[in-house]
Amino acid sequence: MELFDTATVLTRVLTSGVVMSIEKSDRELPGLERLLTKKTRRSKAVLLNSRTGAIHAALAGQGIGHGDSVALAEPDAETAAFLAWLGVTVTSYDGPVAYDYIALDPANADRLGELVAGDTAPALVVDLSGLGFGPAAAVLTDDPRLWARAERLKIFGAYDLRTMWTQEEADADLVPGVQFNYRLSPLVAACVRMALTQAAQTQAAQTQAAQHRPAATSGATQS
């Protein structure tokens with residue numbers, strides 16, 4: 001992003017007073033969720049503070065945990081090590097995968113919808129860390145149960161900060177066996193949303209310019 005745009009985002013978030021927590025008054029996290037669901041054509045989004053957190057949420061959302069096995073298309077060494085830490089075994093890729101995966105960076109940020117158009121796994125993990133604002137990721141899905149479980153995993157098994165402290169519980173089946181803090185900062189969410197928006201605007205401007213560019217001519221002009 002341009003320095004001016006970065007400063008504008010930082011000022012907006014800092015002025016709101018909601019910087020590190022999930023609060024009912026926060027607008028940055030829901031704004032990024034809406035943008036990602038629109039671009040990926042998934043109905044639900046869960047924002048997390050790391051790629052591994054998103055992978056964990058994608059699996060936990062499907063009830064996959066210690067002692068289970070999953071099919072994945074050639075996970076990298078870091079992912080394989082994390083899955084081993086979770087106690088999840090990776091089987092050979094011979095069927096439907098547990099989740100699809102895409103990593104975004106400035107070079108492909110404008111093509112998110114295109115890159116995931118053919119993905120069919122129950123969960124889509126989008127790594128947003130490459131955009132340059134710190135570790136960030138999201139899980140996209142059309143499965144409301146998967147979304148609910150993944151959402152609960154990221155904040156100590158609770159729905160929000162209020163229920164985290166009061167331990168109010170409406171659905172015991174959604175509480176993860178081990179509770180984690182995978183919350184994404186509204187500040188990072190705001191910067192990521194701006195980066196994705198600018199990438200789309202730049203691509204649209206380039207496409208429009210190409211459509212209005214005069215066609216090249218060849219050959220000599222006769223007098």
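Reader: Among contacts in the protein between residues at least 6 apart in sequence, what percentage join residues at least 24 apart?

Author: In this predicted model, 68% of the contacts between residues at least 6 apart in sequence join residues at least 24 apart. The protein has 223 residues, of which 43% count as buried, and its secondary structure comes to eight helices and six strands.

Reader: Why is helix 3 called oblique to helix 4?

Author: Helix 3, residues 51-60, and helix 4, residues 77-86, pack at an angle of about 50 degrees, with their axes 11 Å apart. Angles under 35 degrees would count as roughly parallel and those from 65 to 115 as roughly perpendicular, so the angle of about 50 degrees makes helix 3 oblique to helix 4. The crossing of these two helices is right-handed.

Reader: Which residues of helix 3 and helix 4 meet, and how do they divide into nonpolar, polar and charged?

Author: From helix 3 come Arg-51, Thr-52, Ile-55, His-56 and Leu-59, and they meet Glu-78, Thr-79, Phe-82, Leu-83 and Leu-86 of helix 4. The residues of this contact divide into five nonpolar, three polar and two charged.

Reader: What makes helix 3 oblique to helix 6?

Author: The axes of helix 3 and helix 6, the latter spanning residues 144-153, come within 8 Å and cross at roughly 135 degrees. An angle has to be over 145 degrees to count as roughly antiparallel, while 65 to 115 is the range for roughly perpendicular; the value of roughly 135 degrees therefore leaves helix 3 oblique to helix 6. This crossing, too, is right-handed, and the contact is made by His-56, Ala-57 and Ala-60 of helix 3 together with Arg-149, Ala-150 and Leu-153 of helix 6. Its residues divide into four nonpolar, one polar and one charged.

Reader: Why is the pair of Trp-85 and Phe-180 called edge-to-face?

Author: A search of the whole structure finds three aromatic pairs, and one of them joins Trp-85 and Phe-180, whose ring centres are 6.5 Å apart and whose planes stand at 75 degrees. Planes over 60 degrees apart count as edge-to-face, so with 75 degrees this pair is edge-to-face. The pair links distant parts of the chain, since Trp-85 is in helix 4 and Phe-180 is in the loop between helix 7 and helix 8, 95 residues apart.

Reader: What makes the pair of Phe-180 and Tyr-182 stacked?

Author: The centres of these two rings are 5.2 Å apart, with 10 degrees between the planes. The cut-off for stacked is under 30 degrees, so the pair of Phe-180 and Tyr-182 is stacked. Phe-82, Trp-85, Phe-180 and Tyr-182 form one aromatic cluster.

Reader: How do you know whether Trp-85, Phe-180 and Tyr-182 are buried or exposed?

Author: Exposed means over 50% relative accessible area and buried means under 20%. Trp-85 has 57% and is therefore exposed, whereas Phe-180 has 18% relative accessibility and so counts as buried. Tyr-182, at 9%, counts as buried as well.

Reader: Why does Thr-163 count as buried, and with which residues is it in contact beyond its neighbours within four places in sequence?

Author: Thr-163 has its place in helix 7. Its relative accessibility is 6%, and the cut-off for buried is under 20%, so Thr-163 counts as buried. Leaving aside those neighbours in sequence, Thr-163 is in contact with Ala-158 and Glu-168.

Key
Residues are numbered from 1 along each chain as its sequence is written. This is a predicted model: local features need pLDDT of at least 70, side-chain atom pairs count only at pLDDT 80 or more; totals for chains, interfaces and linings use all residues. Side-chain values use heavy atoms; hydrogens and water are left out. Axes are lines fitted to C-alpha atoms, for helices over the stretch in contact, and angles run from 0 to 180 degrees between N-to-C directions. Helices (H or I, at least four residues) and strands (E, at least two) are DSSP runs, numbered from the N terminus. A crossing is left-handed if the near helix is turned anticlockwise from the far one by less than a right angle, and right-handed if clockwise. Contact means heavy atoms within 4.5 Å. Ala, Val, Leu, Ile, Met, Phe, Trp, Tyr, Cys and Pro count as nonpolar, Asp, Glu, Lys and Arg as charged, and the others, Gly among them, as polar. Rings of Phe, Tyr and Trp (its six-membered ring) pair if their centres lie within 6.5 Å; planes under 30 degrees apart count as stacked, over 60 as edge-to-face and the rest as tilted. Buried means under 20% relative accessible area, exposed over 50%, partly exposed in between (1.4 Å probe, protein chains only).
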